[in-house]
Amino acid sequence: MSTGDGDRALLERKMRKALQVLILQRGRNPGVKGWEMKRYLGKDYRTILQVLSGDLKQLGMEVHEVPGIEGTDDSTRFLLRFRESPTLSEAESAGFRIDDLAVLASSIAMINSRQGRVGRKELETFLREKFPRWRVDYSLERFIKRGYLDQDEKGLLRIGWRTRAEVDEKSLMTLILARGEAAP
């Protein structure tokens, strides 16, 4: 057995371990933090995750990196996601109603238009022009709890880690702007 075969076997074992760690749910948030990956796989964990992501491409999945708010490797989160955006029926099967998705899309658009932060009261006022009060209150709380939106102690809302992981914000904003140009 050559040294190359031993290296390949070690890489495959680490890739299997990485996949197991990514699939198993720990806590309420999906994914694994960077420091955990480093502990499980060693200091070359990023290389292992890149190779694993390449192998998962055949299945229509990828390992996605969500940078942490603090900007450190320790707060970075890695998770599995589909390579292509889910369809509306797939989003609905994940427990979201179409009006929930509309509240989230509107919230993302408003936050992005305000350079990444908006006061909760201002966002609620904006959303209540389009949706019933109970829908706005329910949806915002739900999106904060699930990590799609993040609220600080001053009541400012910003895009949450889960939106950065699961939503293609650039495509969403392009679609919203294109729809706005088509309106009479």
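Hi everyone, let me start with Arg 135, which counts as buried because its relative accessibility is 4% (buried means under 20% relative accessible area, exposed over 50% and partly exposed in between, with a 1.4 Å probe and protein chains only). Please keep in mind that this is a predicted model, where local features need pLDDT of at least 70, side-chain atom pairs count only at pLDDT 80 or more, and totals for chains, interfaces and linings use all residues. Residues are numbered from 1 along each chain as its sequence is written, and side-chain values use heavy atoms, with hydrogens and water left out.

So where does Arg 135 sit? Its place is in helix α7, residues 133–146; helices (H or I, at least four residues) and strands (E, at least two) are DSSP runs, numbered from the N terminus. Setting aside neighbours within four places in sequence, Arg 135 is in contact (heavy atoms within 4.5 Å) with Arg 97, Asp 99, Asp 100 and Val 103.

Now to helix α2, residues 34–41, whose buried residues are Gly 34, Glu 36, Met 37 and Leu 41. They lie on the same side of α2, because they cover an arc of only 155 degrees around the axis, taken from the directions from the helix axis to the C-beta atoms. After α2 comes Gly 42, with a positive phi near 100 degrees.

Finally, the strands. Strand β2 (residues 61–66) pairs with β3 in the antiparallel sense over six bridges; pairing requires that DSSP finds at least two bridges between two strands. Here Val 66 stands opposite Arg 77 in β3. Strand β1 (residues 32–33) also pairs with β3 (residues 77–82), antiparallel and over two bridges, and Val 32 has Phe 78 of β3 as its bridge partner.
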